[in-house]
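Dear colleague,

I am handing over the structure below, and after it you will find my notes on what turned up when I went through it. Please read them with the coordinates open.

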Amino acid sequence: ARGKENGDSIPHGITMLSHAAKRHPLKGASMSDLIAAIATGSTATAIGIVRVSGDGCFAACDRIFRPRNGVPFAQQPSHKMVFGEMLDDSGAVIDQGLAVRFGGGHSYTGEDSAEFHCHGSPVVLHTLLSALFAAGARQAQAGEFTKRAFLNGKMDLTEAEAVIDLIDAQSAAAAKNAAAQLDGGLRRRLEPVQEALIDITSRFYAVVDYPDEDIEDIQPQQIRSSLQIAADTLSALLDTAQRGRVLKNGVRTAIVGLPNAGKSSLLNALAGYDRAIVTDIPGTTRDTVEETVTCGGTLLRLIDTAGIHDTADAVEQLGVERSRKAAETADLVIAVVDGSQTPMTVDEDILALATKAPHWILAVSKDDLNPAVKTAVWQLPKGLREPDALVSFNSVAPGGLDLLVDAVQNCFPAGTPADAGSLLTNARQESAVRRSLEAVRRALAALDSGLTPDAVLTDAEEALESIGELTGRTAKEEIVGAVFSRFCVGK
């Protein structure tokens, strides 16, 4: 919209906010008080870190830290370690170590901040923390340092979520995606959508509020072009949600088959150690055994199940029932068939159970004992869905699992390097993008129905609101609270 002279009103549909104000609509005065916390674990470590941030930070640090160079803490160079002594609330030395000062405009939280690096004794760390409390700090809440970074405009909500994703990452791919999202990968993916929707809403309000100004009316074809850009981008982003969930949470994988088919040997081989007991006696595994492994870059939450078969043993029958339930709730089922038997026995009931999963692999075990299974032709019973892959494997020879690993990777492709940082990794993000896409599609439908541009405005604004909720610009306090409740104290 064209600017007005000083004193003139602005369009009622456009809120003029600074860059920082857009980032922290929930910020309150209470968020600037002095907080402190232990940023490292509660067990003894070589190095421990205590973090402090907020108003009066440097004055409090002067009370509990005595630099060897004799320069007051507030005058120490920013972002440079200085050696000195940590003091308790009576002024007695409790440890020697390093401290670093971060000026407000260049700190993690956006406030005056400091860190103390000392020996990692829990006693030392808690004594130092108590000294900071005596100097005026309070205990930081879970995630409060990162929450302040968000409220002070140092990061948006997707970047804040990437912090906890990076801490929780259980695979190299998950860590890479979180690091790229922390660098603004998801925000940059959304920027063209925001620009397109803001262009529609701002130009409409400018025309309505300033009829005397020479502002060109926005044409339906321009609106359609902007909405289509938004729809295409949001649709592609929504398609990443499943891959994001796999990357973050892993794939719930059930290994099923008849007793002694080689299920536990497969689990042990993937885990890299003897997680499950393996014997030649059928029925050794009587309950589900779980283990998390990385298979070709994909995180699998493996469940080795009891052999599925009819049995009169009450305990064994309970294991069989648990096996069925594990298969019914799995994202991937690996149906193991004993390849050393001649002829090989394929249980139709097990195959039927496996085909109910979103993905399933038919895996013939012990191909080192019977090489013929590597080229065997299989004919599945009629009515059963074809497996994602049919492979043979063995758990003892070098490279014996390669075909199975490749099959798992094909079921859950990693995507391209360009995707890193732009995957939706939780239900909150997916919901916000879905609602925004639905609103954009409603706006397109209204336009195609011949309605006037003002009829499109409500849906365009709703789509923009949902994106704002995703990034945190318009997020409600309870949403922000739910995000930071996942954090540990000290981060």
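**Salt bridges**

In this model, which is predicted, the structure holds 22 salt bridges. One of them is formed by Arg-148 with Asp-33, where the closest N and O atoms are 2.7 Å apart. This pair links distant parts of the chain, since Arg-148 belongs to helix α4 (residues 144-151) and Asp-33 to the loop between α1 (19-23) and β1, 115 residues apart. The two partners can be described by their accessibility: Arg-148 is buried at 1% relative accessibility, whereas Asp-33, with a relative accessible area of 30%, is partly exposed.

Helix α5 (residues 157-168) contributes to two further pairs, which I take in turn. Glu-159 forms a salt bridge with Arg-187, with 3.2 Å between the closest N and O atoms; because Glu-159 lies in helix α5 and Arg-187 in helix α7 (residues 185-209), the pair ties together parts that are 28 residues apart in sequence. Glu-159 is buried, its relative accessible area being 5%. Asp-165 forms a salt bridge with Lys-248, and here the closest N and O atoms are 3.2 Å apart. Lys-248 sits in helix α9 (residues 241-249) and Asp-165 in helix α5, so this pair ties together parts that are 83 residues apart in sequence. Lys-248 is partly exposed, with a relative accessible area of 23%, while Asp-165 counts as buried at 9% relative accessibility. Finally, salt bridges that share partners join Asp-33, Glu-111, Arg-138, Glu-144 and Arg-148 into one network.

Strand β5 (residues 93-102) contains Leu-98, which is partly exposed, with a relative accessible area of 34%. Together with Met-81 and Phe-83, Leu-98 makes a nonpolar surface patch of about 250 Å².

Strand β11 (residues 332-338) is mostly covered, with seven of its seven residues buried. In a regular strand the side chains alternate between the two faces of the sheet. In β11 both faces are covered: Leu-332, Ile-334, Val-336 and Asp-338 are buried on one side, and Val-333, Ala-335 and Val-337 on the other.

Strand β8 (residues 251-257) pairs with β11 in the parallel sense over five bridges, and Ala-254 has Val-333 as its bridge partner in β11. Strand β12 (residues 359-365) also runs parallel to β11, joined by seven bridges, and the bridge partner of Ile-334 in β12 is Ile-361. Between β11 and β12 the chain crosses through helix α12 (residues 348-354), and this β-α-β crossover is right-handed.

**Cysteines**

A search of the whole structure finds zero disulfides. Cys-61 is in none, and the nearest cysteine sulfur, that of Cys-57, is 4.0 Å away. Cys-61 counts as buried at 0% relative accessibility, and Cys-411 is buried as well, with a relative accessible area of 9%.

With best regards

Note on methods: Residues are numbered from 1 along each chain as its sequence is written. This is a predicted model: local features need pLDDT of at least 70, side-chain atom pairs count only at pLDDT 80 or more; totals for chains, interfaces and linings use all residues. Side-chain values use heavy atoms; hydrogens and water are left out. Buried means under 20% relative accessible area, exposed over 50%, partly exposed in between (1.4 Å probe, protein chains only). Helices (H or I, at least four residues) and strands (E, at least two) are DSSP runs, numbered from the N terminus. Two strands pair if DSSP finds at least two bridges between them. A crossover is right-handed if, with the strands pointing away from the viewer, the path from the first strand over the helix to the second runs clockwise. A disulfide is a pair of cysteine sulfur atoms within 2.5 Å. Patches are made of residues with over 30% relative accessible area and no salt bridge: like charges are joined within 9 Å, nonpolar side chains (Val, Leu, Ile, Met, Phe, Trp, Tyr) within 5 Å. Accessible areas come from the Shrake-Rupley method with a 1.4 Å probe; for residues, only the protein chains shown count as cover. A salt bridge is a side-chain nitrogen of Lys or Arg within 4 Å of a carboxyl oxygen of Asp or Glu.
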